[in-house]
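Reader: I would like a close look at one part of this structure. Please keep it brisk.

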Amino acid sequence: MPITKQSTTLEYTCDLIRRASVTPKDEGCQDFMIEKLEALGFEITRLPFGEGDERVENFWAVYDGSKSNGSETTAPTLIFAGHTDVVPTGDLSAWDSDPFEPTMVNGELVGRGAADMKGSLAAMLACCERFIQQHPAFNGRIGFLITSDEEGPATYGTVKVVEWLQEQQQRIDYCIVGEPSSTATLGDVIKNGRRGSLNGYLRINGKQGHIAYPHLADNPIHRSSEALVKLVAEQWDQGNDYFPPTSFQISNMNSGTGATNVIPGHTEMVFNFRYSTETTADQLRERVAKILDGCDINYQLDWVHSGEPFLTPAGELTDACASVIKKVTGTQATLSTTGGTSDGRFIAKLGCQLVELGPINKTIHQINERVDANSLDQLTEVYQGVLESLFI
């Protein structure tokens, strides 16, 4: 159904969805946002990183409300963080409508990025327009940290902007990341942290041979069994009030030549730790090496560290978000650290209180991704209410 009557937030969401910004392409989304922010008086710094096909568009924007009311420059800063890039559409024929032409179906806005996370970006813009119009002078600063590299390798996006902010000695007190955090209703879940992610790439070597003459070979699959049992059985930590215990999971295991009568020469596996703040990546590496070294195997092990865990304990920001959500939606929010990694892992290094707060995540990355249109207006109210709670 064509979209006729639109709120500002819905209008902005549609404008962003129409830009086919498949990661890492931005396709003008940031130009659109910058135009709106400049009109409000934000100072803009474009921060592209990478070259050629790897070039990523980013920007930093800041509005200093304390300049207008004579406050000290120590006034707190809240930033909205997010990404304009979206995941690929997949099979276009499987969509009920053009994924880059927003469509309304039974009160839901359908389009790639509707929930992840162009709806949040639109709500951030709309809330700032209303907030600054109503409160042009306030005791604080509002910032925007926007990238087009969150859904991709995340090499030249937020991580680079955070490094630049550190070099500029920019102080950040609060951050709201617009990731779709909600589960059943808007605001029922606030992400106040994420687990760390550590990947291991293990190769266990044996000796290839004829399966009828096992004494002349060394089966690496058999060799791996002791190590696997010990790794799976290990209790890595107990977790804490915010995090479940660290988990170890094998995601891939490959071996063999394809023939039924050949003992393979090696076996390979990929495993992952989702770990809490009760342990560190270095500790996990050391403990895995100790287990493997205690087994009768010849192995090589490489590591890829995807992100440190981070946590914002209950405090000013979480309290403000929960209070406003209750007022706007009637929902009692729950703090959670579940889910995968996000750009919050980079921003948390700035030492700020950080939460992820956005739409329902039920359809993100799926065919016919969609979001309840009314919830976007509620999200705008929530974002504005948090600004008022912290700054007014």
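Predicted model: local features only at pLDDT ≥ 70, side-chain atom pairs only at ≥ 80, totals over all residues.

How many salt bridges does a search of the whole structure find?

Author: Residues are numbered from 1 along each chain as its sequence is written, and side-chain values use heavy atoms, with hydrogens and water left out.

A search of the whole structure finds 15 salt bridges. A salt bridge here is a side-chain nitrogen of Lys or Arg within 4 Å of a carboxyl oxygen of Asp or Glu.

Take Glu356 and Arg194. Their closest N and O atoms are 2.4 Å apart. The pair links distant parts of the chain: Glu356 sits in strand E18 (residues 353-356) and Arg194 in strand E9 (residues 193-194), 162 residues apart. Strands (E, at least two residues) and helices (H or I, at least four) are DSSP runs, numbered from the N terminus. Glu356 has 1% relative accessibility, so it counts as buried. Arg194, at 9%, is buried too. Buried means under 20% relative accessible area, exposed over 50%, and partly exposed in between (1.4 Å probe, protein chains only).

Next come Glu226 and Lys230. Their side chains form a salt bridge at 3.1 Å, N to O. Both residues lie in helix H6 (residues 220-233), 4 residues apart, about one turn of the helix. Glu226 is partly exposed at 37%. Lys230 is partly exposed at 36%.

Glu234 and Arg287 meet at 2.8 Å, N to O. Glu234 lies in the loop between H6 and strand E12 (247-255), and Arg287 lies in helix H7 (residues 281-293), so this pair ties together parts 53 residues apart in sequence. Glu234 is partly exposed at 30%. Arg287 is partly exposed at 26%. Elsewhere, salt bridges that share partners join Asp15, Arg18 and Glu101 into one network.

E3 has pairing partners. Two strands pair if DSSP finds at least two bridges between them. E3 and strand E6 (residues 141-147) run parallel over 7 bridges. There, His83 stands opposite Thr147. Strand E7 (residues 174-177) is joined to E3 by 4 bridges, also in the parallel sense. Ala81 stands opposite Val177 in E7.
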